[in-house]
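Morning, everyone. Please have the sequence and the 3D view open while I talk.

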Amino acid sequence: MSCTPLDTEFRRLSPKFYTDEIVYQAELANIFGGRSWNYLCLMCEVPDAGDYIETYIGETPVVVVRDKSGDINAFVNRCTHRGSKVCIANKGKAKQFICPYHEWAFDLSGKLKGVPYRHGIDGKGGMPSDFNISDHNLTPVKVAVRNGVVFGSLAPDMDDLATYLGPKICSYFDRVCDGRPLKVIGKMRHIIKANWKLQIENVKDPIHAAILHSFFKVFGIWRSDQKTDVVVSETGSSSVLVSTASFDKLKPSKAESALSLADPRMIQHIREFEGGTGAVMTIWPNLIFLQQLNCLVMRHVRPDGASRCIQTWTFFGFQDEDISLTEQRLLQANLLGPAGFVTVDDNEVLELIQEDAVALGDTPVVLEAGEGMGDTDYMVSESAIRAFYRFYKSALGEQPHG
């Protein structure tokens with residue numbers, strides 16, 4: 001069976017979209033380097049003047065720092081002299097950033113403030129007379145903050161973040177991040193040998209959750225007999241899967257008859273938010289924002305070559321919450337994360353898909369389930385994945401062929 005790289009109905013996808021270097025380089029340039037708002041960090045990770053954290057837009061390293069006036073700044077972590085990283089640690093506190101190679105010094109806004117031997121030694125050497133220090137500031141990253149969450153873009157003329165997200169996604173974003181000060185309660189990072197898009201597709205797919213994830217199925221967290229809504233943004237770029245758990249234990253098969261919970265708090269749900277016990281959101285291009293029971297996490301999927309990605313999980317809560325709720329969130333983090341009771345299933349399957357993508361050639365990936373590319377009130381649908389690829393095609397520009 002043959003297929004175009006991406007057909008007009010977005011029901012067929014070439015496996016080369018997961019493996020081809022030309023496609024991948026086009027993604028880095030046109031998606032991550034183009035008109036997109038990319039998740040950077042939580043504002044509470046840089047609480048005071050001089051606090052900084054390193055993050056990434058695509059493969060581009062970015063430093064986010066709070067300056068003395070309290071503003072959040074971001075810039076590319078690359079010295080404008082010879083290209084070394086300016087900031088070596090992945091987080092810390094600084095009064096300024098000094099490149100380790102030739103000690104060019106930049107302030108907390110990324111402006112170049114000092115160049116050693118600028119005028120040479122004893123009148124010999126140094127920079128030319130027309131050297132303008134203001135022409136060599138660090139490359140700025142445009143910043144937007146929404147309710148304690150920091151986004152950045154390499155495009156200087158981006159739409160405001162609310163317009164970019166659209167009203168549907170904003171409503172679910174604000175449902176959790178409602179303006180209350182946030183706090184980080186844990187962080188994990190790991191490598192998956194799978195293309196970054198496979199991770200995003202996976203959480204736009206409500207079907208597998210009730211099949212692949214035995215934990216969800218057995219303990220009534222996400223099952224085919226429960227209410228599920230698929231909400232797709234106006235552009236198709238982002239989406240939310242909303243589930244309502246029954247918590248009824250499934251009549252076990254022989255293989256599952258011994259399954260029980262030593263600690264029932266693992267699936268205990270303290271009602272915090274209206275609508276659903278879980279909301280799995282994807283924000284274009286590569287943020288997965290998870291609320292599953294009482295576990296809250298920003299899952300940043302960083303592309304690292306065509307055939308693998310690096311995922312950073314930032315588990316969080318609210319600064320004013322009761323310590324017992326924080327403990328509940330930490331306990332339920334065991335559902336997610338690199339070795340979570342649920343996520344470990346995804347990690348294994350997506351690596352299997354990546355392994356076979358090279359051998360598949362032009363044998364198509366099939367996205368037939370359900371109708372259209374919009375909202376649904378049923379589970380067996382791939383509408384959100386098709387909508388994602390419709391937007392992906394427009395964002396990528398001229399379609400590259402693998």
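Asp174 and Arg146 form a salt bridge, and their closest N and O atoms are 2.7 Å apart. The term salt bridge here means a side-chain nitrogen of Lys or Arg within 4 Å of a carboxyl oxygen of Asp or Glu. This pair links distant parts of the chain, with Asp174 in helix α2 and Arg146 in strand β10 (residues 142-146), 28 residues apart. Helices (H or I, at least four residues) and strands (E, at least two) are DSSP runs, numbered from the N terminus.

Before I go on, this is a predicted model: local features need pLDDT of at least 70, side-chain atom pairs count only at pLDDT 80 or more, and totals for chains, interfaces and linings use all residues. Residues are numbered from 1 along each chain as its sequence is written, and side-chain values use heavy atoms, with hydrogens and water left out.

Is Asp174 buried or partly exposed? Asp174 counts as partly exposed, at 25% relative accessibility. For these words, buried is under 20% relative accessible area, exposed is over 50%, and partly exposed is in between, using a 1.4 Å probe and protein chains only.

How many salt bridges does the rule give? The count comes to 16. Another one joins the side chains of Asp157 and Arg35, at 2.8 Å from N to O. Asp157 sits in the loop between β11 (149-153) and α2 (161-176), and Arg35 in the loop between α1 and β2 (38-42), 122 residues apart. Asp157 is exposed, with a relative accessible area of 51%, while Arg35 is partly exposed at 43%.

Next, Glu54 and Lys85 meet through their side chains in a salt bridge, 2.8 Å from N to O. Glu54 is in strand β3 (residues 51-57) and Lys85 is in the loop between β5 (72-76) and β6 (91-93), so the pair ties together parts 31 residues apart in sequence. Glu54 is buried, with a relative accessible area of 12%; Lys85 is partly exposed at 31%.

Strand β3 takes us to the sheet. Four strands form an open sheet in the order β5-β4-β3-β6, with antiparallel pairing. Strands count as paired if DSSP finds at least two bridges between them. The edge strands, β5 and β6, each pair on one side only. Between β3 and strand β4 (residues 60-66) there are six bridges. Tyr52, for instance, has Val65 in β4 as its bridge partner.

Thr282 is buried, with a relative accessible area of 1%. Leaving out residues up to four places away in sequence, Thr282 touches several others, including Ile200, Val203, Leu287 and Ile288. Contact means heavy atoms within 4.5 Å.

Last, helix α7. Gly397 follows α7, and its phi is positive, near 80 degrees.
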